[in-house]
Amino acid sequence: MNEYDSNRILELTKKINFFSTSDVNEADCYVLNTCHIREKATEKVYHHIGRIKKKFKDKKKPIVIIAGCVAQAEGEVLLKKEKYIDAVIGPQSYHEINNIILEKNKAKNLKVNKTEFDVIRKFDELNLIKNRENKVSSFLTIQEGCDKFCKFCVVPYTRGPEHSRSFSEVINEADQLIENGTKEIILLGQNVNAYNYKGKKISDLIYELNKKTKLERIRYTTSHPNDFSDDLVEAHRDCKKLMPILHLPIQSGSSYILKKMNRNHTREEYFKILDKLLKVNSSMKFSSDFIIAYPGETQDDFEKTISLIKKVKFINSYSYIYSERPGTPAAKLKKINEDVAKERLVKFQIIANEIKKNYRQGLVNSFVKVLFENKSKDKNSYFGRDEYFNSVMVKSSSNLCGLIKNVKVKDWTHNTLYGELNDASKPKEFAA
Ligand code: SAM
Ligand code: SF4
């Protein structure tokens, strides 16, 4: 979502003749877009500012703006502690950036703190600015914020309450992206399947996008088990452009811990969703997020998480040790011993990696359908993603960008599949 936001910030600033530069040294304005989800986020900001200070030691100081969730959570403290920072803008206030830059240019000593939850105004202003993103695969925010208040999470405090953009706003922006050459749209939201605009749900958006002839692929992230209604399951049956991969965070395999986290669903209910999806589309695969060593997690609870990953065989498991976030209810709970936590994380990751390794090894000599996104630095290689969002590299002397090709997997690493083009593959016929 920060990538989407950063692109929109860039589009906004073009209005006042500010453009992105690949050479930091020549920047007149420096925007650092931040994430606050795990610890050390604020320290990273101070480190980064330290580096910028060094770079501009003998030059004119740029306007320095901290955007995103660290700005929202720690704005006033940042401004007081680090004088080099000129402004902080929360994730729902970044439509104000041009005013801040213009005012700052007039009053050198001005310090600005914009951290209101003004999400409706933000999107009203953004709708006036075309989304000129011309990537093969583009993000599109449809929903923001969260009302779920999991006990460990800062998002409800930093991004604010749930807000869904209007159906027509989203489709208009999708049309702009498709016109610019986008072939894949990734619908985004903190709880993307909580999208609800006057009764229109995410499934309605997917059915609508599925009709767009020039669009090849649709994905969405991140969804929450509690909002996984049957209409979305059916979309996976009906919409051929909707990719057969679902990232559905569960956090823990123990229903007891899920309850303590305030996730409001059990392990069994999670399995039911996956079963329903597999029933309508047997090629579905899954990935998930895990929090290891949440306060109160016993060895038995941890083993339940292990048994869950062995059962589902997630093709990607993102795992982190529980990170205490100031202001969240879980911050008051007694933390698990650090050595035990690290031991559990290592065990989890060994097993998760073994599952991933077996999956990837099984792909060798099979064919995957790849939508190519760009040429890599090594001039003759192209980067793309298969239907399951796996990164794929192939060598080719002709331009593959924007095409879907059948690729035979020859080798793999943890991050990338390496393949060769199947001579018989033709661009259009292999569209999902
Ligand atoms: N809304 C999504 C959901 O509930 O599944 C997830 C969004 S959250 C921004 C992304 C991931 O960050 C979560 O799935 C969780 O695993 C991780 N996360 C959030 N707070 C955390 C914390 N305090 N410690 C460790 N991981 C955390
Ligand atoms: Fe955070 Fe997701 Fe829980 Fe919302 S549902 S509080 S974003 S983990």
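A polar contact is a pair of N or O atoms within 3.5 Å; within protein, one atom must be able to donate a hydrogen and the other to accept it, and residues adjacent in sequence count only if both atoms are side-chain atoms. The model is predicted: local features need pLDDT of at least 70, side-chain atom pairs count only at pLDDT 80 or more, and totals for chains, interfaces and linings use all residues. Residues are numbered from 1 along each chain as its sequence is written, chains are lettered from A and ligands numbered from 1 in the order in which they are written, and side-chain values use heavy atoms, with hydrogens and water left out.

Ligand 1 is surrounded by 17 residues (a heavy atom within 4 Å). The closest are Gln190, Gln251, Arg263, Asp289 and Ser323. By class, this shell holds seven nonpolar, six polar and four charged residues. Here Ala, Val, Leu, Ile, Met, Phe, Trp, Tyr, Cys and Pro count as nonpolar, Asp, Glu, Lys and Arg as charged, and the others, Gly among them, as polar. An N or O atom in the side chain of Asn191 lies 3.1 Å from a nitrogen atom of ligand 1. A backbone N or O atom of Gln190 is 2.7 Å from a nitrogen atom of the ligand. The side chain of Asp289 places an N or O atom 2.6 Å from an oxygen atom of ligand 1. Taken alone, ligand 1 exposes 570 Å², and the protein buries 88% of that (Shrake-Rupley method, 1.4 Å probe).

Asp289 also has a protein partner. Its side chain makes a polar contact with the side chain of His247 (3.0 Å). His247 sits in strand 12 (residues 245-247); strands (E, at least two residues) and helices (H or I, at least four) are DSSP runs, numbered from the N terminus. His247 counts as buried because its relative accessibility is 14%. Buried means under 20% relative accessible area, exposed over 50%, and partly exposed in between (1.4 Å probe, protein chains only). Not counting residues up to four places away in sequence, His247 touches Thr221, Thr222, Ser223, Ser287, Ser288, Asp289 and Tyr318 (heavy atoms within 4.5 Å). Thr221 and Thr222 are joined by a cis peptide bond, with omega about 0°. Thr222 lies in the loop between strand 11 (217-221) and helix 9 (230-238).

Ligand 2 is surrounded by Cys146, Lys148, Phe149, Cys150, Phe152, Cys153, Val155, Pro156, Asn191, His224 and Arg263. Seven of these residues are nonpolar, two polar and two charged.

Helix 4 spans residues 97-106, and its buried residues are Ile97, Asn98, Ile100, Ile101 and Lys104. Seen down the helix axis, these fall within an arc of 160°, so they line one face of helix 4 (directions from the axis to the C-beta atoms). Their cover includes helix 1 (2-14), strand 1 (29-34), strand 2 (63-68), strand 3 (87-89) and strand 4 (112-114). Asn99 is also found in helix 4, but at 41% relative accessibility it counts as partly exposed.

Thr141 belongs to strand 5 (residues 137-141). At 0% relative accessibility, Thr141 is buried. Beyond its neighbours within four places in sequence, Thr141 is in contact with Met1, Tyr4, Phe123, Arg165 and Leu188.

Most residues other than glycine have a negative phi. Phi of Asn17 is positive, near 65°. Asn17 lies in the loop between helix 1 and strand 1 and is exposed, at 60% relative accessibility. Phi of Asn262 is near 70°, also a positive value. Asn262 occupies the loop between helix 10 (255-261) and helix 11 (267-280). At 23% relative accessibility, Asn262 is partly exposed.
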